Amino acid sequence: DNVKRLPVRFAEGIAGSVFYNAAINQPTQAVIWLHPYSYAQGYTGHYLRGERIYHYLAANGLMVMAFDQIGFGYRLLEGQKFYGRYPRWSRLGQMVYDVKSAVDLLFLGQAGYGEEVYSLIDKEHIYCVGYALGGLVALYAGALDERIAGVSSFCGFTPMRTDTDEKPTGGIRRLWELHSLLPRLGLFAGREAQLPYDYEDVLSLIAPRPTLIVSADQDRGSDSA
């Protein structure tokens, strides 16, 4: 197994890892892997045939950065206390900020530490890939950071203006109440059609960069209709 791990810290002390294939000897594309709603395990969960997705991607020649998003894995309690510290922000906003900080790290590296690994990252090809929650965060991060070369979102969203409480996914309530990602969405409970934006607006900010959207016909967390 040629996959190696470089421990990293970025932003305000967030711990993460860069996984890479030790056989790589030329600049290669990089991926920021954004995990789903995995409260107990964070990014270390199994999502692909029992294999960890970041290990699979690294084994196939990509540089892969992974970290626990706020409120998940080792950052579980950090999410619990978030709104006491930042009552006018949102956890989704923090997640997007953390992705921006991860891109900063991949671009700039860390002086005196892991320089041989960072030097192999093709800075023009840094992508975000996410599933469920991660797919949602990837879209917002791509919309707000033009350094991100493209986005892959798997089961990442349901159009919000049609995402009512009657939906089997639970409606936008799961975003503002169940997972506490965007509290102000609660202002539109029962009148979702009046939301001032939807995902077509987010996607328009990513264009013309390549974007892959995969939406399953049957998924408990997203509904493409």
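Lys and Arg count here as positive and Asp and Glu as negative, while His and the chain ends are not counted. With that in hand, welcome to the views of this predicted model.

**View 1. The charges of the protein chain.** The chain carries 21 positive and 24 negative charges.

**View 2. The fold as a whole.** Eight helices and seven strands build the protein chain. Its radius of gyration is 17 Å, close to the 17 Å that the globule rule gives for 225 residues, so the chain is as compact as a globular protein of that length. Along the principal axes, the C-alpha atoms fill a box of roughly 55 × 35 × 35 Å.

View 3. Of the 225 residues in the protein chain, 51% are buried. The accessible surface comes to about 11200 Å², and carbon and sulfur atoms account for 54% of that area. Now look at the contacts between residues at least 6 apart in sequence: 66% of them join residues at least 24 apart.

View 4. Is His35 buried or exposed? His35 has a relative accessible area of 0%, and because buried means under 20%, this residue counts as buried. Follow the side chain of His35 and you will find the backbone nitrogen of Gln69, which the side chain reaches at 3.0 Å.

Key: Residues numbered from 1 in each chain as written. Predicted model: local features only at pLDDT ≥ 70, side-chain atom pairs only at ≥ 80, totals over all residues. Heavy atoms only, no water. Helix = DSSP H or I, 4+ residues; strand = E, 2+ residues; numbered from the N terminus. Rg over C-alpha atoms; globule rule 2.2 N^0.38 Å. Buried < 20%, exposed > 50% of the residue type's maximum accessible area, 1.4 Å probe, protein only. Contact = heavy atoms within 4.5 Å. Areas by Shrake-Rupley, 256 points an atom, 1.4 Å probe, with all protein chains shown as cover. Charge placed at Lys NZ, Arg CZ, Asp CG, Glu CD. Polar contact = N/O pair within 3.5 Å; in protein donor to acceptor, adjacent residues only side chain to side chain.
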